[in-house]
Amino acid sequence: MTVHPSLQPSIDAWTHTIEAISELVQPLAESEWNRATPCPGWSVRDVVSHVIGLECEALGDPRPIHTLPRDLRHVVDEPSRYMEVQVDVRRHHTSPEMLAELEYTVIRRQRQLRNEKRDPATLVRGPFGEQVTLELFMRLRAFDVWVHEQDLRTALGVPGNLDAPGAHIARDLLLHGLPKVVAKKAGAPAHTAVVLDVHGPLEFLRTVRVDAEGRGTIDGSVSLGPAVTLAMDWETYVRLAAGRVRPQAVADRVKIDGDQELADAILREFAVTP
């Protein structure tokens, strides 16, 4: 028995990204580990700590028993508090300590994934302790590490891998949240169509349609006379949808056609990840 075919794309994407992260941070000087990333309050060291911590949890390691300082302004709710523990516990680790733990964790996880025999529908512990299927869990891990690879690349000024296997998984997961953004959060009226036109390393056209009951759906067909068309490059889309940047900061990279008020409401609610 081998790894189930539905898990393999996520495992391949995760592997590609985790190796890219290792290559990125291997040559860093101690000071570069302190560079700020697009994640509020997190340095390069903190992002790598987060990746290590969640992979350790995927291995079944117990979570650290650790009390967070009270002056962390970016810790604003229970999810951010939950995630911060794995980060803060490593905040004073040196670069050799970080590299050694990253390498050891990756080796352990790769071994675990090579020997993965469970059914994709098996329920496992999700990122915040909830139950999710193994298939979804692996997609979320591939997504998470790819987005954080991009955070590291932004911080270090080393762009790349915008069309990597992890990018395709990120596209699908981010688009999954778009109907809720348009129909519920932005309050698009019934029978409205909103078109998203993305170009660059990943190119796609998607239409969100709001039905008579106010529910949103998404498809790849062309809409004639949409209420709003948003056109942007793939990197800008990721940064907005992953909550890494505010719409005002990338206004020059987003082209809006149609209802400006609705477009502004959609962009205000565009982030679908914490």
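1. A charge counts as sitting over a ring if NZ of Lys or CZ of Arg is within 6 Å of the ring centre and within 35 degrees of the ring normal. In this predicted model, the charged end of Arg63 meets that description over Tyr82, 3.7 Å from the ring centre. Arg109 also lies over a ring face, that of Trp14, at 5.5 Å from the centre.

2. Next, the strands. Strand 3 (residues 193-199) pairs with strand 4 (residues 204-210) in the antiparallel sense, over six bridges. Strand 4 is also joined to strand 5 (residues 216-219), again antiparallel, by four bridges.

3. Four residues separate strand 3 and strand 4 in their hairpin, where Gly200 takes a positive phi near 115°. The hairpin of strand 4 and strand 5 has five residues between the strands, and Gly214 in that turn has a positive phi of about 85°.

4. On to the aromatics: there are six aromatic pairs in the structure. Phe204 and Trp234 make an edge-to-face pair, because their ring centres are 6.0 Å apart and their planes lie at 75°. Since Phe204 belongs to strand 4 and Trp234 to helix 8 (residues 234-241), this pair ties together parts 30 residues apart in sequence. Both residues, Phe204 and Trp234, are buried.

5. Phe204 also pairs edge-to-face with Tyr237, with centres 5.9 Å apart and planes at 75°. This pair links strand 4 to helix 8 across 33 residues, and Tyr237 is buried, as is Phe204. Ring pairs join Trp146, Phe204, Trp234, Tyr237 and Phe270 into a cluster.

Technical notes
Residues are numbered from 1 along each chain as its sequence is written. This is a predicted model: local features need pLDDT of at least 70, side-chain atom pairs count only at pLDDT 80 or more; totals for chains, interfaces and linings use all residues. Side-chain values use heavy atoms; hydrogens and water are left out. Two strands pair if DSSP finds at least two bridges between them. Helices (H or I, at least four residues) and strands (E, at least two) are DSSP runs, numbered from the N terminus. Rings of Phe, Tyr and Trp (its six-membered ring) pair if their centres lie within 6.5 Å; planes under 30 degrees apart count as stacked, over 60 as edge-to-face and the rest as tilted. Buried means under 20% relative accessible area, exposed over 50%, partly exposed in between (1.4 Å probe, protein chains only).
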